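This report goes through a structure for a reader who has not seen it before. The sequence and model come first, and the description follows.

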Amino acid sequence: MVNYQQFMSTVQLGIKTLLLHKLRSGLTMLGIIFGVCSVIAMLAIGEGASFEAQERIKALGSNNIIVRSVKPPEESREQNNTSGRGSGIRYGLTYDDASRVYSTIPGVERVLPMRLIRERIRFFEIELPCQVIGTLSFYPEIVSIDLLKGRFIAHMDEVYKQNVCVLTSSLAQRLFPYHDPLEQTIKIAGVYYRVVGLVREINTPGDRPQSGESEGETLDNNVYIPLSTCKARFGETLVKRTGNTVNSETVQLHEMRIQMKDHLFVESADPQVRTMLTRFHRDVDYEITVPLQLLRQAEATKRMFNIVLGSIAAISLIVGGIGIMNIMLANVTERTREIGVRRALGGKKRDIITQFLVETVVLSIGGGLVGVVVGVIVPLVVTASTGMQTIITWWSVALAFSISGAIGVVFGIYPANAAASLDPIEALRHE
Amino acid sequence: MAEDPIIKIEGIERKYVMGDDIEVMALDGVNISIHQGEYVAIMGPSGSGKSTMLNLLGCLDRPTAGSYWLGGEDVAKMDDDSLSDVRGRRIGFIFQSYNLIAQLTVLENIQVPLFYQGKSMAESYDRCVKLANLVGLGERLTHRPNQLSGGQQQRVAIARSLVNDPLMILADEPTGNLDSKTGLEVLDLIDDLNDDGKTIVLVTHDNYVAERAHRVIHMKDGHVDREEIKRQAGESRQKVYKRR
């Protein structure tokens, strides 16, 4: 390399030479294009998928520990009511559990008890299935929801067992097509409630277990009422008749969310909660979810995912590189005479190396550039057509592009050396 | 001749090792000296060492023994890079099959030797255009070799051989691929160059081509068999070239 100008004209020459065989150069580049494109696209899709998962987990709150009541399996159930056709079971978390957790486990900020009951909500002639959530006033501070209109349940509602409720906006839209829902009165299980607010749950609780049998509709149709009102109006025992059998379930709390003062307490509190609950529950009729752990798992999974996708994409890049090397070797053979002439006219070995290396690098970087463009478009198309979230990270673009450049150099060195080490006399005589 | 010769070859040998212990002596103690402005033809049957001589003269090969002084430099012992450099600065090549570079235009082909001396196209443009005009291709600067006839391609090659202002032009059967008419034109062009003071060394097996030289060196079995003086330097050349 004598100077910049000479290098630039070598680059120009390389481009010109490659343009001489457009189809061949294009096909050769295709390998790199696919490689780069798949690196970017795969990482974008992987990144998007794990981002979605992480968002869902984060919405559960990384400071929280979620404990849910679970109906114990059939065989271990205590048959306390064997008379006639029917059964009554008692399971799940209790108010005592909540207060014990709050008072004994260090680092607990507060405990949010929740009762979940599937019912039907009625406003004049419109009747819709809904999920009644009996809870306390600080629900919005633990579960991420947006207050759209009015207010949430207040502490005084709880104290006075007020018949007030807060609706999720999508339920309200269906229930009140023509009215302003605020201050309207709705009816659930024969009791009237006043609507005081509208909210939107950010994290749609699709995974929340339904009380009683699942009826399929787990959409955003929550009705929030004060816990005390819920206890007073619905009681703790739910009776269900199917044909001749009567099944009753007695559950005090369906779910409780333990908010820790800091996420550092979460991991120490998790086994403590577990131990405490085993002491007071004969069966394992609860389930503990630690979002922080899920988050860690999701991150580990994502790392694995990225490695797997990345190596698949890297293999395709290497295959592309081998394609380039193959073509360049054929090129060297085909252009032996040219090499001889260039050597005779004063070209040094390193000039020949530079020339061929530049050609390979132009091929691979050209392919890399096209690959980056295609690789950015593919995730957008995927998002548009399947609704899957994709995230194109700048580092994946930089990585794919620099690998393509490196491949040009690595796979170009051998053909370039082969070209330069030709004997000029032999090369000139070559037909 | 008063001045020192520009090419002085003394006792040069070139040995090829074929297989394990078979050695072939392609050149066995050749002495040649060529002066500035001379027109020398080298002739000989195949296997006479003619090609080996050409390669050595063109600094494409190194002798196994002996010395080769080219314009005051001993090139016999030079390394590969220095030889490239000498070829680029001191020698102009004209090949039988033109050997233009397919992807370059006429102008760019002419510029190649200067490119390897680190000169940009902008710096060498004027000179290249002048030479293209000299060989009568001033109108075809942007043509590609495959758009030119054989005679035109050889003219480009001649322009290219001149671009670095070489000590000697080394022509290897320059008319071998041409029909007799264009062959004559090319030889006339070479004659003109010689008249302008260029030193020409031409390798051929064609007597009519060799007729134009001042001196013909006949080679045989790796030796200089005899030297034939056709005319003295400065004496008008004989226009006797005819194709068989």
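## Chain A overall

A residue is buried if 20 or more other C-beta atoms lie within 10 Å of its own, exposed if 12 or fewer, and partly exposed in between, with C-beta atoms placed from the backbone. Of the 431 residues in chain A, 39% are buried. The model is predicted: local features need pLDDT of at least 70, side-chain atom pairs count only at pLDDT 80 or more, and totals for chains, interfaces and linings use all residues. Residues are numbered from 1 along each chain as its sequence is written, while chains are lettered from A and ligands numbered from 1 in the order in which they are written.

Chain A has 13 helices and 13 strands; helices (H or I, at least four residues) and strands (E, at least two) are DSSP runs, numbered from the N terminus. Its radius of gyration is 34 Å, well over the 22 Å that the globule rule gives for 431 residues, so chain A is more spread out than a compact globule. That radius is taken over C-alpha atoms, and the rule is 2.2 Å times the number of residues to the power 0.38. Along the principal axes, the C-alpha atoms of chain A fill a box of roughly 105 × 55 × 45 Å.

## Strand S6 of chain B

From strand S6(B), residues 91-94, Ile91(B) and Phe93(B) point one way and Gly92(B) and Ile94(B) the other way; all are buried. S6(B) runs parallel to strand S7(B), residues 168-172, and four bridges join them; two strands pair if DSSP finds at least two bridges between them. Phe93(B) has Leu170(B) as its bridge partner in S7(B).
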